[in-house]
Amino acid sequence: MLKNLLEDAGKVVKNSLGGIADRTLARLTGAGIQTDSRILQSKARWSSKYNMSDWRVKVTIPVQANHLYNEIFAGNSLLEPIADIRGVFWPLTPSMVIQHTANYNALGQTHSNYPFQAYQNSQVDQLNIVGEFPVQNSEDARHWVATVNFLRTITKMYFGKDSQPLKGNPPPIMHMSGYGDHVFNKVPVVVNTFNVELRSGIDYISTVQNTTNYQTARTRQRMGLPELESSQTWAPSLSNISVLVTPVYSRDTIKNFSLQKFARGELSKQEGIGFI
């Protein structure tokens, strides 16, 4: 009797877990995560999405600024993992707060219960992008190191021994994209601040930045030889990276604004001005 009850209880638990697994598999498959095992495992994707549209949140160097791209990326093995992206991206969906403001001045009238609201201007406030960066192997660690170094670079001005006429120029204007054509499509932004949270109590993964050293290190690892000590960096297996950006538009760009075109989404998609 007890044996039969235990068998029946086992079948119920098995069917319940099977139903949960099927539903979870369906969600993972719909999200583009493939698995051949009933054990559900998902990994953060640092590479591109192959034939799918890349809607990840990115802060990149504009295509028009190829001179800046060449100066930063040409022959730079440290930034090589993100060279095809032209900047940084969040491998996991980040947290963002979008705030649009219409400013009014309250005009107080004598002997009036209510003030008059005089419109002053509108603006898009700063955007804070906060996301987790998981690092699962040495290749992911190379991406993490490249991301941090890129953010350090684009928050600096041309200074010191930089050549003329660039010396004295402020940090570059970047493009922010994410979530498709009608959310963020090449929005011109400047990076105000960025924060990297190095947590305690987690593992750190070693990596080397130079391409030759990296391949040599992988070969030595497969052969069971000691790891190379030169050009070695340690990246946290999980960290938070937050970037605060401010949308900026030139006077010539603002002249092309049209409320009707903006409402139809033409300014964000077709003309590529990046209004939000």
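The model is predicted, so local features are reported only where pLDDT is at least 70 and side-chain atom pairs only at pLDDT 80 or more, while totals for chains, interfaces and linings use all residues. Residues are numbered from 1 along each chain as its sequence is written, and side-chain values use heavy atoms, with hydrogens and water left out.

**Overall build**

- The protein chain has seven helices and eleven strands, where helices (H or I, at least four residues) and strands (E, at least two) are DSSP runs numbered from the N terminus.
- Of the 276 residues of the protein chain, 33% count as buried; here buried means under 20% relative accessible area, exposed means over 50%, and partly exposed lies in between, with a 1.4 Å probe and protein chains only.
- Among contacts (heavy atoms within 4.5 Å) between residues at least 6 apart in sequence, 68% join residues at least 24 apart.
- The accessible surface of the protein chain comes to about 17,600 Å², of which 53% belongs to carbon and sulfur atoms; accessible areas come from the Shrake-Rupley method with a 1.4 Å probe, and for residues only the protein chains shown count as cover.

**Salt bridges**

- Side chains of opposite charge can pair when their charged atoms come close.
- A search of the whole structure finds five salt bridges, each being a side-chain nitrogen of Lys or Arg within 4 Å of a carboxyl oxygen of Asp or Glu.
- One of them joins Arg142 to Glu80, with the closest N and O atoms 3.7 Å apart; because Arg142 lies in helix H3 and Glu80 in the loop between H2 and S2, this pair ties together parts that are 62 residues apart in sequence.
- Within that pair, Arg142 counts as buried at 13% relative accessibility, whereas Glu80 counts as partly exposed at 39%.
- Another salt bridge joins Arg199 to Glu132, where the closest N and O atoms are 3.4 Å apart, and it links distant parts of the chain, with Arg199 in the loop between strand S8 (184-197) and strand S9 (204-208) and Glu132 in strand S6 (residues 127-134), 67 residues apart.
- Arg199 is partly exposed, with a relative accessible area of 22%, and Glu132 is also partly exposed, at 33% relative accessibility.
- Glu132 and Arg199 are linked with Glu197 in a network of salt bridges.
- The side chains of Arg264 and Glu266 also meet in a salt bridge, at 3.0 Å from N to O, and Arg264 is exposed, with a relative accessible area of 52%.

**Aromatic rings**

- The structure holds eight aromatic pairs, counted when rings of Phe, Tyr and Trp (its six-membered ring) have centres within 6.5 Å; planes under 30 degrees apart count as stacked, over 60 as edge-to-face and the rest as tilted.
- The rings of Phe73 and Phe150 have their centres 5.9 Å apart and their planes at 35 degrees, which means that this pair is tilted.
- This pair links distant parts of the chain, since Phe73 is in helix H2 and Phe150 in helix H3 (residues 138-154), 77 residues apart, and both Phe73 and Phe150 are buried.
- Tyr249, Phe257, Phe262 and Phe275 form one aromatic cluster.
- Arg56 lies over the face of Phe89, at 4.3 Å from the ring centre; a charge sits over a ring if NZ of Lys or CZ of Arg is within 6 Å of the ring centre and within 35 degrees of the ring normal.

**Residues with positive phi**

- Arg86 has a phi near 70 degrees, a positive value in a residue other than glycine, and its place is in the loop between helix H2 (66-73) and strand S2 (87-89).
- Arg86 is buried, with a relative accessible area of 17%, and Arg86 lies over the face of Tyr69, at 4.4 Å from the ring centre.
- His111 has a phi near 55 degrees, again a positive value in a residue other than glycine, and His111 is placed in the loop between strand S4 (100-107) and strand S5 (116-124).
- His111 is exposed, with a relative accessible area of 84%.

**A nonpolar patch**

- Leu198, Tyr204 and Trp234 make a nonpolar surface patch of about 330 Å²; patches are made of residues with over 30% relative accessible area and no salt bridge, with like charges joined within 9 Å and nonpolar side chains (Val, Leu, Ile, Met, Phe, Trp, Tyr) within 5 Å.
- Leu198 lies in the loop between S8 and S9 and counts as exposed at 52% relative accessibility.
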